[in-house]
Every structure is written in C-alpha cells, then in structure tokens.
Amino acid sequence: MKEAMQSLIKKFKAIGVTGSAMVTELLRFRVLDQILQTSPEVRQWGITGDKLYELAQQSTVEVFGELPYDQVAFESVYGPSFAVEVMDFITETGYVEGLAAGEQWRLPFKDIIEFHKNSEGIILFANIEEYAALAEEILQAIPSERLLLYTSSETCYNLFKQLYPLAPVIDEWPEDVIFDHIVAASTGLFRAPVEIMQELANRVGNITELGTAHYFIPISAIQDQVGMNRMTVQYMLLQPRLEAIREWAPLGTYEFVYTNRSVKKVALEIREVMGDTWRSTPFIALPHEVLASMDTFSMVQYALSLCGIEPAMKAQLPTLGEDGFTSKDPKVPLYVQKVFNAFEATRLELERQGTEVQLKLVDHEGRKAGETLDEDSYAELMEQSKVAEEDTAYWMFTNPEAAYIWYTYFRSLQGEQVLTKLAQMVLTPEALLQLMGSVRRQIIKEEPLAELATRFEKARAARKAALAKADADWQAEIEAIAKEIVPNPTESN
C-alpha cells in the first residue's frame, strides 16, 4: 500500500472513521470539490476552513449523511484525501466490494479511447465497475451524449451517480437496443465468467452495420469450454466480423475484436504488457471455421501445436489456472491477495534466465486454514505493502497436492519442453505464469491422487537427505585434502 494511503488511513482512524466509512468521506470530499470548482467566487477568492466545513454540512449531508467529526478533524483529512485516488483506495482495501479501479486496462484501452474520439455514434462501455478508474478519462475524452456506461453492480451504480451525477450510467443492458460501438471488459471477479461470456455473445449482433466491438473476456471463461460455454465460444468465433483475437498477458484476458466488415481469416497474437507499452507474438491467421472446430480453442494450445507439441488440452481436463492463483494475479484484488498470503500454502516459484526456466516448491507459512480474521487483524493486513513489493513470481496452492502435480508435470521431459516454448513467446515471468495457466492435465481421482502425493513427498524427502549427505561427504573430503595443504599451526615462542 502506498505511503499516502497508509497515512490517510491513520488520520481517519485518529478521528474515529474506519472501514467503509472512509470511502464515504472520500466520496463526500470529491463531490464537495466539484461544487467548489463550479463556484466563480471560490475560484477567485478562495474559501476559509470554517466556510468549507459549513458548505459540507449544507450540501453533502442529504447524500452522504451527517459529518461524523468536527471542523478541526475535517481539516485534518480533507486536504490529504486528494493525494489518493478513490478507486485505488477501494481496490486496495476492499472496504467496498463489487468495484475495481481496473488500472490494468489502461494500456489496452488507450487505442480504443483514441479511436472513439473520432468515431461516430453511441458507444456502450459495459461492466464499468471493473475499470472504474478509467471512467473519468472516458468521460473527458468522449462527449457524454455519445456515451452509455453500463454496470450490473448496484454499488457501482450508486457510487457513479454520486461522483458523476451527469454521467449516462445505466444498471441494465438494454437487450433490443442496437449500438454503434460496444466496449466490454471483465476479469470475472464479480460475476461468473460463464455468465459474462453468454451475455457478451448474446450482444454480438447488437451493433450497427458500420459498428465495432471490443470484448475483453476473462481467460477463465475461455478455458471453460464445456456444455453451453463451448457453444458460446464457437458462436463468437464463427462471427464473420471477428477480425482479431489477442491474449493479453499478464492481464488474464482475451480480446475479441469485431470490425465493420466480413473478414476471411482471424488475426491471432499474444500481447505482453511491458511497462507503458506492449510487444506482440503473432501467429498464423486462421479462418473462423477452423478456430471453431478446434477441440479446445486456446492461444497456448495453438501456439504449441505450431511448434509440434501437443500437451493434454481436451476441454474437460483441468487447467493450472483452476488449481491455483499467481502472484499479482489481475483477477484477484490486492486486498484478497493479502488475505491469501496471510494463510499457509504451497508455492511453485519461477525464475527465468532467457528461455531457461527454474522451478522450486516453497512452503509458505501463515495462519492455519479455517482461522478467521477479526476486524483489527484485517485492517492490519490491509496496511501491509509486502505483497505488492514482492519480486518473486509464483503459483500459490491451498492444496499441496495440486502443487506436486504441476511441479512434476513441468519437471518432466515433455513439461520442460512445453515450458521452454512458452518462455519463447513472452519475456516476463508474470506473463509466463499466465501462459502456464492454460496448460491442462489429466483428471486424477482422489485415492490415486493421495497415493501420488505420498510418493512425491517420500521421493522429495529422500532427495533432500541424499543432498544433505552428499554435501556432508563433500565437506569431509575437502577437510581431509586440506590437511595435506594447510600447514599445522605451531606454538609461538
């Protein structure tokens, strides 16, 4: 957590404001600031502390309730509150659920927003709760009369109505309305990925003849290609206006780009975020029918098949992404990661030098599973910055058996080959973790799985003992040789 945010939390606590009440006050201050910005007198002459406090009592009580502090306390938090972004504060603390800043979408959305500055017609930005921090940028770049912001989150709807009273926000997606352009993005955090996938598929045809659509779909929804979701994926792939599919790493999302004309072949690529820019790994374009006929559509599967590798990739087999979560996982908010890291788990840590990848299993210590966090313990966790500052890239598993399975898979000859090819597609460890998450394994029943885990632990313990003995024997031999080299000490006269 940033220093400014930690400092502000302490100031709020000092005046008796905690938890979600802090978010309420931050919203109050933003609305109050908007009122000040629209006053010519204030802009010219300024305003005193007592007048500002009086204005807050007069203009914000109806929406945000009575001020829970006096003027002195108000002045202690009002100014410092503008050093933090409200959406970032919500995302990092989790004091208001159902809302995310969505800063990871800033780079993918950059070109889309630029394009729509000069496009024509009405644009629907859907699932705005998952990229709430970008709403203001969107509202500043595109005239509000050309916009509709859709959210299924009641919390987000009410918050946006408070923060942006003139913004065109809706809480239901009009089924029969045809839009000129649609932009939708989701990590699958607040709604089931399958539900998101089906909603977006139902709206593929709800764009005009000259319209476009950008769908950012959670990778978990793409990986789940069983039953109805399988039909949904095929339907989206078969649309003749589908121009490109991009897997954004490590954002955990696929981008489906629909253009305003029919396309013969779909462009396929992996886009890796590299700071303020991205790099591309393109693959051979394929006709829509070929993509839809794949046993399991997956950028990783297609990329590996081009290299002559066919790992277990049938749709009904579980993926690595179903068994664990990664460090700095974009679909898991920071406050949830902090909670996960407070409990014991098993990590599969990753280090890479070029295309050479090293894996190791690490037991992560923490609270026992089943322990509950009281309000004070939770608040203490939220103020920590350890998770955000960690450099090690890893998969974390609450079930050690899952860690043993995947460690064994990637340490096998075939697994190492898969890992090497994936490392050639992306440069950063975080992006490589995402590609690994699409790899599938065989289904193992409970009893055989327990037997495999026992064998793994036994072999792991034997390896540790053998290494310890080899190190001890090596040191003993060094000492024996040294006696022939190092002269014996003699007593000084």
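Gln301 is found in helix α15, which covers residues 299-306; helices here are DSSP runs of H or I of at least four residues, strands are E runs of at least two, and both are numbered from the N terminus. The model is predicted, so local features need pLDDT of at least 70 and side-chain atom pairs count only at pLDDT 80 or more, while totals for chains, interfaces and linings use all residues. Residues are numbered from 1 along each chain as its sequence is written, and side-chain values use heavy atoms, with hydrogens and water left out.

Gln301 has a relative accessible area of 12% and therefore counts as buried. Buried means under 20% relative accessible area, exposed means over 50%, and partly exposed lies in between, with a 1.4 Å probe and protein chains only. Leaving aside residues up to four places away in sequence, Gln301 touches Thr296 and Met313; a contact means heavy atoms within 4.5 Å.

Thr296 and Met313 also belong to the lining of the largest cavity, together with Ile222, Gln223, Tyr254, Phe297, Ser298, Ser438 and Arg440. Rolling a probe the size of a water molecule over the atoms shows where empty space is left. On a 1 Å grid over the protein atoms alone, a cavity is a set of points where a 1.4 Å probe fits but cannot get out, a pocket is an open set with protein on both sides within 12 Å along at least five of seven lines, and lining residues have an atom within 4 Å of a point. A volume is the space filled by probe spheres set on the points, which are joined across faces, edges and corners.

The largest pocket holds about 1,200 Å³ of space. Its lining is made up of 48 residues, and Lys328, Asp329, Pro330, Lys331 and Val332 lie nearest the centre of the pocket. Helices that each supply at least two lining residues include α7 (86-93), α11 (193-202) and α17 (334-341). Helix α12 gives the largest share of this lining, four residues.

Of its 493 residues, 49% count as buried. The C-alpha atoms fill a box of roughly 90 × 80 × 45 Å, taken along the principal axes. Among contacts with a separation of 6 or more, 70% are between residues 24 or more positions apart.
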